[in-house]
Amino acid sequence: MTVPTASTGLTVPAAPTAVTPAPSPATTTPEISGPLVTRVGGLPTEALDLVPSATRRAVVEAADARAVRERLRPALEDLCFTLVPLLDDEVPLRRTVLAAKRAVHRLRALPWGDDLPPRLAERAGPGAAEAFAGWQAAVRRCEETTGRLDTLLAGDRAAVPAALAAHLAEPGFARAAALAAPDWLRHGRPRRRPAESRNLRTLYSYVSRAAVKTSPFSTLTTVGEGGVPAGATGSRPAAHSYAATALAQLAVRCLAREPGTAGLLRYRLAPLRPGGPEAPAGLVLLPEPVADGGLAWRLDRVVEADHAAPWLAAFAPDGDHGLEGLLAGLGGSDPFRRFRRLLDTGLISPVPPWRRGEDPVGAVAELLADQPYPRRTTGGPEDGALPAAGSGGPAGLAAEVRELRDSAAALAAAGEEERVETLTRARATARRWARRAGLDRFESGEVLYEDVATDLALPAVLDVPEVRADLTELGRQMRPFLFRSHLYDVLVDRFTAAYGPGGTCADVLGFLMGIAVDGDSQPDLDRAAVADRAARETAGERAWLPVGPSSAPPAAAVLFQLAASGLPAVRAGDYRLVVNQFNPGTGGLVTRFGPLLGEGFRDRLRAHVQACWPGRACRELVLWTEVNTAQSRSAGLLPPLLLPGETPGDGGLDLADTVLTHDPDEGTLALRDRTGAPVGLAYLGLVPPHLFPPFARLLAVLADPWVNGSPHSDYVLPFALQEQRRDEVVPMPRTGFGRVTTSRAAWVVPAAALPLPRPGESDAETVLRAEEFRRRHGLPEEVFVHRLTGFGPGEPGAGTDRKPLWVSLTSPLSLSVLAQWAGPATGHLRLVEALPERSAHPLRDGAGGTRAAEHISLLRWRRPEEEA
């Protein structure tokens, strides 16, 4: 493979605008730190060989023939136009030429067959006769090549469904499909009816996801640590299955609502803080568990206390409470009824009976260990019989929790049918518990999870000097675009307005609650968000503003892929490095894999995090740990900073035991413990902080105040493509430097211009229109398609793009899936070259198959204040 260089015509991003102060080389040079995580496709890329080579050649031949015919048409139309007035004295011949002109316009054969009428040959001359003969030959060539293509495509259409369905015979793929789409496997019967439209689209979706996408899910995409031998994770299993944390939360809330089990738990009161003149009764922080669309979270709202204040004032404000003490304080003829009412409003919340790093459902099962099994007609737990669903009472709930714990743990070793049954039961349990817990806004689609470690030996690509040098140079180019968020400025301004320059706040939660009252207009926060968006293009001096000792240094997780003929070529420096996207670099993107990849991985990740705060005690900041699975799995790497509602952890520091201070010289804030020592605050969650409620989001901004506005990756924010959303196709060139591609070639295409199948059209006609579209605009045969919504004229939506769809522009099936996937509401799409090409992924499996792989490397830079 030839490695492109800067001289090959690649468009290199413009140099950043001048910044003040000028960055030093030490400031812009990153440290490559921590473990290298690699995500590996669960099927070989060859699983998407939907178009055989013979069909591909036939497409080229037929398209070439049509191109020849198209080139001949204008001259022949002109010839006919010229001949018609010369034949006014010979009306039959004139009509023949007019018919020929119409045939040429319609790209059809001339009306006289192979032999030109003698009188027409005499009147038109030898040149015209040759042109007419050439047209007839071109039309015959088109008919022959199109007919041959039609025959081949008919065979492909018959063969493709069975080829895709054959992957269900592979245990790993079938088991992942059972976890992702149990209802489809149970009712769709894709093995028996693979050619049915819905089954074919679903098979295509999951096969393409496993072959060329690298989003971790069961065995569709596995994970590992580069340079660490497969299986070298100590005693950890290669797969780890578990129930959603939201289910444990539901079980806890069911327990809390029942008099017989509520006493098993401890409880917290909603935090109450002074509200000032506008809220004389104070402010209260009310939590509410919410789940929708597979995501569970805690909706925290800061509201005026009003009627809540008297109830809360009767109890000690901090710490946990037992049920007996709460009931005694509530009083009345039915204190438990009052308790349930306060539980439903969020003024009282159960404390999770598990700690960070523990299995939440398992902890609830242990809590209920003394509860008997419900009566059953046959069998018992030792016989493997299942408890009676919905049997009610403490014993029934205990049995359901135990069954959920055991079946979730056994899922990793379960086959397809058992997985389908287990997931179906777990979903029914979740719905039943949500109703029993009184949570009307809790519809969690995700109930069971599985993480799987790859069985392949992953290369230590960071040990290749060229790869390391390329990432270092990438980091140098990125650094001027990493800037301090304007939200940090708002936080500082609000602080100094309340406590003065150099001031100290002893009630950090109260300060944050006062900023984030539900329903209040927050124009400064809105302006800050807009300013952050604008600063992505010209960060300027904001890239070099200082941050306090609690905040992270500039850091980034770089997600990249390598294109090469194989791993030997990579080691020789003969590769292309493609930058997919960036994430925050303190480690939150990969912490969830700690339990799977073992203590060695966790140690290397922990060392990276602590290196971001050298010489300081470091705490993890992870929110929603009591209800969100991704957040729960990400917690436990470091001793936590604990916010209201969060899961306890070893060595935890409560936010109530900290103070917030201002440095008037630097204009920064620092979180400190009661001894005055600064606390390094590492956000290690997977959920993006912009989804948090305002009070928690500002704390996350204190932890990581950096916005990564670097244009040096292929990820494109939807709002960045406004100028490209036109009535015509707009190409966007590939950009990069040396061996590095920072942006793939792409085309913004109006949906109406896509060469999608038309009613009554043959597969050959569809494919040839797509081939002409591809040639006209310079597209490769295979692309990833992003659906853009919400910003174009008349486009609905919230400005988001879906996960991309892999598309082969020579496959009728692929084009039909694209038509259904795009939908009628889509205004524009972004078509992106598939780089690396499917055959250019250097990783190989044991059978020699090509495996798509994406690497995650962590970069960190020195703090701006360290360069002063």
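**Exercise 1.** Which residue just after H3 takes a positive phi?

*Solution.* In this predicted model, leucine 107 is the residue in question, and its phi is about 65°.

**Exercise 2.** Work out what span helix H3 should have, and compare the result with the distance between its end C-alpha atoms.

*Solution.* Begin with the length of the helix, which runs over residues 91–105 and so has 15 residues. The expected span is 1.5 Å times one less than the number of residues, which for H3 gives 21 Å.

**Exercise 3.** Decide which residues of H3 are buried and which are exposed, and find what the buried ones pack against.

*Solution.* First, take buried to mean under 20% relative accessible area and exposed to mean over 50%. By this rule Leu93, Val97, Ala100, Ala103 and Val104 are buried in H3. These residues cover an arc of only 115° around the axis, which means that they lie on the same side of H3. Next, turn to the other side of H3, where Pro92, Arg95 and His105 are exposed. Finally, look for the neighbours of the buried residues: they pack against helix H2 (53–83), helix H4 (118–124) and helix H5 (126–165).

**Exercise 4.** Describe the open sheet that 5 strands form, beginning with the strand order and ending with the helices that pack on the sheet.

*Solution.* The order of the strands is S22-S25-S28-S26-S27, and their pairing is antiparallel. From one strand to the next, the twist averages 30°. Within the sheet, strand S25 (residues 746–750) is joined to strand S28 (residues 828–833) by 5 bridges, and alanine 746 has valine 832 in S28 as its bridge partner. Helix H8 (residues 197–212) packs on the sheet by touching strand S26 (782–788) and S27, and its direction makes about 100° with that of S27. Helix H26 (residues 812–822) also packs on the sheet, where it touches S26, S27 and S28, with its direction at about 145° to that of S27.

**Exercise 5.** Are helices H9 and H13 roughly parallel or roughly antiparallel?

*Solution.* Helix H9 (residues 245–256) packs with helix H13 (residues 360–367) at an angle of about 30°, and their axes are 8 Å apart. Because angles under 35 degrees count as roughly parallel, H9 is roughly parallel to H13. Where they meet, H9 contributes residues including Ala248 and Val252, while those from H13 include Val361 and Val364.

Note on methods. Residues are numbered from 1 along each chain as its sequence is written. This is a predicted model: local features need pLDDT of at least 70, side-chain atom pairs count only at pLDDT 80 or more; totals for chains, interfaces and linings use all residues. Side-chain values use heavy atoms; hydrogens and water are left out. Helices (H or I, at least four residues) and strands (E, at least two) are DSSP runs, numbered from the N terminus. Buried means under 20% relative accessible area, exposed over 50%, partly exposed in between (1.4 Å probe, protein chains only). The arc is that of the directions from the helix axis to the C-beta atoms. Contact means heavy atoms within 4.5 Å. Two strands pair if DSSP finds at least two bridges between them. Axes are lines fitted to C-alpha atoms, for helices over the stretch in contact, and angles run from 0 to 180 degrees between N-to-C directions. Angles under 35 degrees count as roughly parallel, over 145 as roughly antiparallel, 65 to 115 as roughly perpendicular and the rest as oblique.
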